[in-house]
Amino acid sequence: MTDNYLAKTSPRRIAFLGTGLMGAPMVRRLLSAGHQVTVWNRDRTKAEALQSQGANVAETAAAAATDCEIVFTMLSDGKAVDAVLFEAGVAEALARGAVVVDSSSIAPPIAKDHANRLLQRGIAHVDAPVSGGVVGAEAGTLAIMAGGTADVIDGLSDVFAALGRVTHVGPSGAGQICKLANQQIVAITIGAVAEAMVLVEAGGASREKFRDAIRGGFAESRILELHGARMVKRDFTPGGPSKLQLKDLEAVKAMADRFSLELPLTEQVRREFSDFVSAGGGDTDHSGLLLHLEKMNAAKGGEENNG
């Protein structure tokens, strides 16, 4: 492979494919850093919303990638990433020495497969899923977990700097396994905070005052800060939809099965999210797991009263 991707141009020529909740603020950060960004989204209106801030809008994903040295993907799942890269012509549109940075959350084996297929074309691949949500994307404080070759990742330091803090966590696929581990912690912690909210209210305490009381103690976390506030305010407008949280937990289960691991806490919260999504909560923010627990306990109370 040539090392063209290491010869930094100023500004970088970047294609960004997928400008939804996370992609749009990431594009704005890249534009603010002075990079040239061409965007594409399946729903064109979401891409066009970035035009006024300096983004170029392409008709197709392949057109966006043409003449770009770096392509970001921020898509819903591995199937969508595969379709855009290899069926929509993006890989064919890229020159040797280009880099694909996949910030989607997909299964690690799929990320490895993409890396191998792109390598055959002389294109580098970095699986770089992110954590920090929309707030982190807007502020440029995302935690970026990068899997791939060290010199490729180092060569993109100026680009990642606009988005947050990057850590090279290992070879291809390592970024995605770390993201899954991150999602384990997020889901389990959301479940713990939601259960605590149910308990304190049942015991006569104020949920809001409870949250205030434990801030700064050992139970402090970003989940308590942000999602605990959502639970108190009962504002479950999706930042991270529950259906995507479930998708990640299903991927964790698949990897646990592959490695013959027992992960009982993760398995329990996966079942709860599965029930919540099946009951219609898929587009509700993942902090809305509280609603599922409230409904479960209300039903239990009804059964006991009828008993």
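1. Arg44 and Glu48 form a salt bridge, with 2.6 Å between the closest N and O atoms. The model is a predicted one. Both residues belong to helix H2, which covers residues 44-48, and because they are four residues apart there, about one helical turn separates them. An α-helix has 3.6 residues a turn, so residues three or four places apart point the same way. Arg44 has a relative accessibility of 30% and counts as partly exposed. Glu48 is also partly exposed, at 32%.

2. Glu294 and Arg207 make another salt bridge, and here the closest N and O atoms are 2.8 Å apart. Glu294 is in helix H15 (residues 289-306) and Arg207 is in helix H11 (residues 207-214), so this pair ties together parts that are 87 residues apart in sequence. Are these two residues buried or exposed? Both Glu294 and Arg207 are buried.

3. A further salt bridge joins Asp158 to Arg12, the closest N and O atoms lying 3.1 Å apart. Asp158 belongs to helix H9 (residues 157-161), while Arg12 sits in the segment before strand S1; the pair therefore ties together parts that are 146 residues apart in sequence.

4. For the structure as a whole, the count of salt bridges comes to 20.

5. Strand S1 takes up residues 13-17, and four of its five residues are buried, so the rest of the structure largely encloses this strand. Which strands pair with S1? One is strand S2 (residues 36-40), which pairs with S1 in the parallel sense over five bridges. Within that pairing, Arg13 has Gln36 of S2 as its bridge partner. From S1 the chain crosses to S2 through helix H1 (residues 23-32), making a β-α-β crossover that is right-handed.

6. Strand S4 (residues 70-73) is another partner of S1, and this pairing is parallel too, with four bridges. Phe16 has Phe72 of S4 as its bridge partner.

7. Helix H10 runs over residues 174-202, which makes 29 residues. How far does H10 reach from its first C-alpha to its last? The span is 42 Å, close to the 42 Å expected at 1.5 Å a residue. After H10 comes Gly204, a residue with a positive phi, near 95°.

8. Val232 is part of helix H12, residues 222-233. With a relative accessibility of 27%, Val232 counts as partly exposed. In sequence, Val232 is 23 residues from Lys209, and in space the two are 9.6 Å apart, C-alpha to C-alpha.

9. Two residues other than glycine with a positive phi deserve a look in the loops. Arg234 has a phi near 55°, a positive value in a residue that is not a glycine. Arg234 is found in the loop between H12 and H13 and is partly exposed, with a relative accessible area of 43%. Ser260 has a positive phi of about 55° and is likewise not a glycine. The place of Ser260 is the loop between H13 and H14. Is Ser260 buried or exposed? At 68% relative accessibility, Ser260 counts as exposed, because the cut-off for exposed is over 50%.

10. Leu261 is in the loop between helix H13 (242-258) and helix H14 (264-281). The relative accessible area of Leu261 is 43%, which means that this residue is partly exposed.

Key:
Residues numbered from 1 in each chain as written. Predicted model: local features only at pLDDT ≥ 70, side-chain atom pairs only at ≥ 80, totals over all residues. Heavy atoms only, no water. Buried < 20%, exposed > 50% of the residue type's maximum accessible area, 1.4 Å probe, protein only. Expected span 1.5 Å × (residues − 1). Pairing = 2+ DSSP bridges. Right-handed = clockwise from strand over helix to strand, strands pointing away. Salt bridge = Lys/Arg side-chain N within 4 Å of Asp/Glu carboxyl O.
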